[in-house]
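Please look over this model before we discuss the ligand site. My notes follow, point by point.

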Amino acid sequence: MEQQWILHLKDITYTYPDGTLALDKLHVKIPKGKKTVFLGPNGSGKSTTFLHMNGLLKPQKGEIYYEGQNLSHKARKNLWKKVGIVFQDADTQLFSTNVYQEISFGPKNLGFSNEETKKRVEEAMKATNVFNLQHKPVHFLSGGEKKRVSIADILAMDTEVVLLDEPTMSLDPKHTAELMEILEKLHQKGKTLVLSTHDVNLAYSWGDYFYIMKKERVLLEGTHEDVFSQRELLEEANLEVPLILEIYQHLLERGKVKALHPPRNKEELLKYL
Ligand SMILES: Nc1ncnc2c1ncn2[C@@H]1O[C@H](COP(=O)(O)OP(=O)(O)OP(=O)(O)O)[C@@H](O)[C@H]1O
Ligand SMILES: [Mg+2]
């Protein structure tokens, strides 16, 4: 089946009010129902790209399409109903007095009944392990708890596309693993997921499609095969070859494994040994 692209950012240029050029003719397409990862060094424009994808920033040049419809202008303001975002900095996202109110804000604004909102909020709180914190003021939460509440915000809205800007940054290993399970469930429901990270190993094991960014632009894009064999370009973006792939290539060179499909995760690698 031919790949459908749910979001299409065409030649987007964006300069912040202080004169910083953040995106320069950025061209990005997001595959529908897939897991896309943005990798790239600090300041390369990942967050600015995400803010365009959910309609928070207006492109100064270029166009944004959602399901083929041009949303660069007025209709951009409705993009948040289709594209949810978990911000890199939870303090930018959270603003309600307590956790329960915070998570109910999205579904209420989407026009759901009190009953449906309550159901969604409770499910989202259970999935992210914040049920016990529901009466706690948002500003007293720890960094990781805030992050989990931001994720619950988006789960309760149940948008078609979910953008997660460095969601694992303040999570401990257990909650990172739980987040990855939540994302797997969303993927199985057919949602389109887009995540940014500096963790090349997590990206390699999780993603289907990759954008490597460097200085306002896309340096490299494509599938595992297109991207992770380009050692020099990865280094240019301050990234390393994923550890699993590195080990596999060493084993291959020493004749310890046959030239099978490169493993995507630890389990696949162990099967080859
Ligand atoms: N509100 C702002 N005002 C001025 N400049 C900004 C603002 N936000 C971002 N920038 C600048 O835009 C560029 C791109 O920033 P952006 O946050 O998109 O990068 P990033 O790839 O998400 O980086 P990181 O990995 O550190 O999160 C940087 O040079 C940054 O300094
Ligand atoms: Mg960022």
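1. A polar contact is a pair of N or O atoms within 3.5 Å; within protein, one must be able to donate a hydrogen and the other to accept it, and residues adjacent in sequence count only if both atoms are side-chain atoms. By that rule, S47 reaches ligand 1: a polar side-chain atom sits 2.9 Å from a ligand oxygen. Q88 also places a polar side-chain atom 2.9 Å from an oxygen of ligand 1. G43 uses a backbone N or O atom, at 2.8 Å from a ligand oxygen. The protein buries 67% of the 640 Å² that ligand 1 exposes when taken alone (Shrake-Rupley, 1.4 Å probe).

2. This is a predicted model; local features need pLDDT of at least 70, side-chain atom pairs need 80 or more, and totals for chains, interfaces and linings use all residues. Residues count from 1 along each chain as written, chains are lettered from A and ligands numbered from 1 in written order, and side-chain values use heavy atoms, without hydrogens and water.

3. Which residues coordinate the magnesium ion? S47 (OG) and Q88 (OE1) do, at 2.1 Å (donors are N, O and S atoms within 2.8 Å of the metal, 3.2 Å for Na, K and Ca; water is not among the atoms, so sites may look incomplete). S47 lies in helix α1 and Q88 in the loop between β6 and α2, so the pair ties together parts 41 residues apart in sequence (helices are DSSP runs of H or I, at least four residues; strands of E, at least two).

4. S47 is partly exposed, at 24% relative accessible area. Q88 is partly exposed too, at 31% (buried is under 20%, exposed over 50%, partly exposed in between; 1.4 Å probe, protein chains only).
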